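Hi! Here is the structure I promised to pass on. Have a look at it first, and then read my notes below.

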Amino acid sequence: MADTDAAAAAGGLVRFKSNYSVSRRIEPFYKGGRVQVIRDGKFMFCPCGSKVNIIDVETGALLHCLQQEEEEDVTAFVLSPDDKVLVTGSRAMLLRQWEWREKSCVRTWRAVHTAPVATMAFDPSATLLATGGCDSTIKIWDMIKQYCTHNLKGSSGVVHLVEFHPDLSRLQLFSSSMDYKIRIWSLKSSKCVAVLDGHFSAVTSLAFADGNTLLSSGRDKICIMWDLQTRESTRTVPVYETVEAAVLLPETGDFSQLGVKKPGLHFVTAGSKGILKVWEVATGACVHSQAVPFELQEEPSEHSLTHCLFVPERMEMVTVSVEHHIVFYDAHTLQLRKQLAGYNDEVLDVKFLGPGDSHIVVATNSPQLKVFELATSHCQILYGHTDTILALDVFKKGLMFVTCAKDKSIRVWRMGKAGRVMCVGLGLGHAHGVGAVACSRLKQSFIVTSSQDCTIKIWNIPESLTSKARAALPSSPETLHARVTEKGHDKDINSVAVSPNDKLLATGSQDRVAKLWSCSDCSLLGVFSGHKRGIWCVQFSPVDQVLATSSADGTLKLWGLRDFSCLKTFEGHDASVLKIIFVSRGAQLLSSGSDGLIKLWTIKTNECVKTLDGHEDKIWGLHSNKQDDMVVTGSSDSCITLWQDVTEIEEKEAQAKQEEQILKEQELSNLLHEKRYLKALGLAISLDRPHTVLMVVKAILKEPEGRKHLEENIVQLRKDQKEAVLAFLVTWNTNSRHCHEAQAVLETLLRHEEPDSLLQLSGINSAVESLLPYTERHFQRLSRLLQASMFIDFLWQNMRLAGTAQQDSGTL
């Protein structure tokens, strides 16, 4: 490994890393259902299993998580019109009232329904709450007096929609259930006073234009305007798609870009076609339709919208798709403002992207790519592949990257100046799914792919895709052609890597061997044999003629490229090692396993420096940024984690702590010299130095009236300091040389502390249990010593008497 040291020395001083900490997580925050946005549009509420997540719309960060105690799924939730109170309903048929800003549940009560609550709504004053249940009943709750005021029966099947009339004086509730009818309930008589019958499928939304006009939408592909005075339909608008939500546009404001040319009611529909449409009520005509992206034209049902809402203060239209994407549009133009990805399936690969590594590109268990802008969490969804994307790699400059998928194709993508990513190249030729891809390291000149068909292909990148003159993104991808195809292994090839000088490439396969190839003609140069199970990843060192491999046998190996011998083996993982990367200028390795653990290795010492636990499942994606101070990981647990190198921070903290310790020790020495024992005692306790505290106690006891001074000092200690001294004296008491000091402190505590306050001390039980046997032993030892001293005294007295008698007889 001399080459490694030489290369490191040539590159400057290598700063070894010792630790990483989680700086951010991108986790699933939405798993279906209706979302809500507060009036100013800053926060969004999203149901996610047994939680309601509160998302900061600006940054996409999770602000709060309101978790059900019994972890029962949330079946419905609603935010009060004043944005102060949130109420959730769970499968346990409990209702909970939350002060969501404080993240506190202030009240829990039984829903009285015999089946879970399916929908909820507040009245405009936020004093009444309606709950529609799967048991065909509707309950009205007084939120101030906290009791059920109405029990409305008569619906058919699940009540999936409830809305209060916006005019408080009318005291009316509107509902819809499985019989497709809209019922109007009088809260004065607790009876159904009218039934609006016009839909032939489930009613999905109700919107009030004014006190006498109601708009309803349904899955029967129509929207109906109702006159609430005559309780008859005034217009039926066929919208030619299953509608999940209809939103009325304000009659004030400039919506001319949406085809609104005349005054009158207009509404927006969201449904199965995956786009928003604007309709004029007077004519029933569609006056504006969002352009259908090319990629959505073939299978629009997979991208249909499930919810839509309007945020008046920000003039935004918010849509939710069946793929759990939440999109914010400018309400005046329906131009995209922001897109958040509510749920990522299994993450199969992840890489840093963009100038300054401002983005990450993520391959999940789907044909779509996700590109996240880290500053805002804005997510671009990239369509193109028709089957699951398995791997991706980014070129050195960070503006172009390549993906490969089960659809047997590879695609080249390029990021424009505005951050928009487009597909610029398409390559076909493999007979099976393409499982691994690697880009050239020096220039954007070629791509290497490997497949389940056991072949390796090298694809040239046309200059037209990389030339600076061609700044505009192409309308259709350019076709790539493989210049070399070679049979590589006998089994699936799991990984492929290109050397830093673009002259070599390496492959790792399920057949338990790695191979080294020439990039020019794909000729075989050597074989690396030694792993006991399939190889998951291969990586070239950035500074050395060394190849690193990781395997399902739980080991990492370093191989010399000159003689193909194994230089080092790293053992420590208890599961398959799926990914490895070089960090610290090639002096260290990071590895990720199928047990969700990441390990940091120092190559020179073969030592595992740190084990990081940040995932609950297989970590398929592992990548470091250009600055080598951030790492991103992606796992089968649907979580993407960004790790910050905190080595320098921790070193500075340790240095500052050490300096503080030295100053404190100097101060302690000065205090002892000046005989300021109380401050010395407190400082020694804060330094957590039992021996120093013992020395202070001994110094006090040596003074004239030492016992008295010790009592005065011990009594003045704080409760936490007394707890520390109690823990210390337990240790002192185990040694006969220090037991006297321990017993002196203990005596002071017992004499000056009330029994109740002693019992409040932390660790008092274990301290007493430890003190008793040693104290008894010391007492027995002292008793024996006293008896022995009395016997000596008795002998001495006898000897003195005998001596005196002899003297007397001599005198006589």
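**A buried ring and other finds**

Phe-174 counts as buried, because its relative accessibility is 0% (buried means under 20% relative accessible area, with a 1.4 Å probe and protein chains only).

Before going on: this is a predicted model, where local features need pLDDT of at least 70 and side-chain atom pairs count only at pLDDT 80 or more, while totals for chains, interfaces and linings use all residues. Residues are numbered from 1 along each chain as its sequence is written, and side-chain values use heavy atoms, leaving out hydrogens and water.

Now the rings. There are 9 aromatic pairs, meaning rings of Phe, Tyr and Trp (its six-membered ring) with centres within 6.5 Å.

Next, helix H5 (residues 690-702). Its 13 residues should span 18 Å at 1.5 Å a residue, and the end C-alpha atoms are 19 Å apart, which agrees (the expected span is 1.5 Å times one less than the number of residues). Buried residues in H5 include Val-693, Leu-694 and Ile-700.

Finally, Phe-791 is in helix H10 (residues 764-811). Enjoy exploring!

Key: Helix = DSSP H or I, 4+ residues; strand = E, 2+ residues; numbered from the N terminus. Phe/Tyr/Trp six-rings, centres within 6.5 Å; stacked < 30°, edge-to-face > 60°. Buried < 20%, exposed > 50% of the residue type's maximum accessible area, 1.4 Å probe, protein only.
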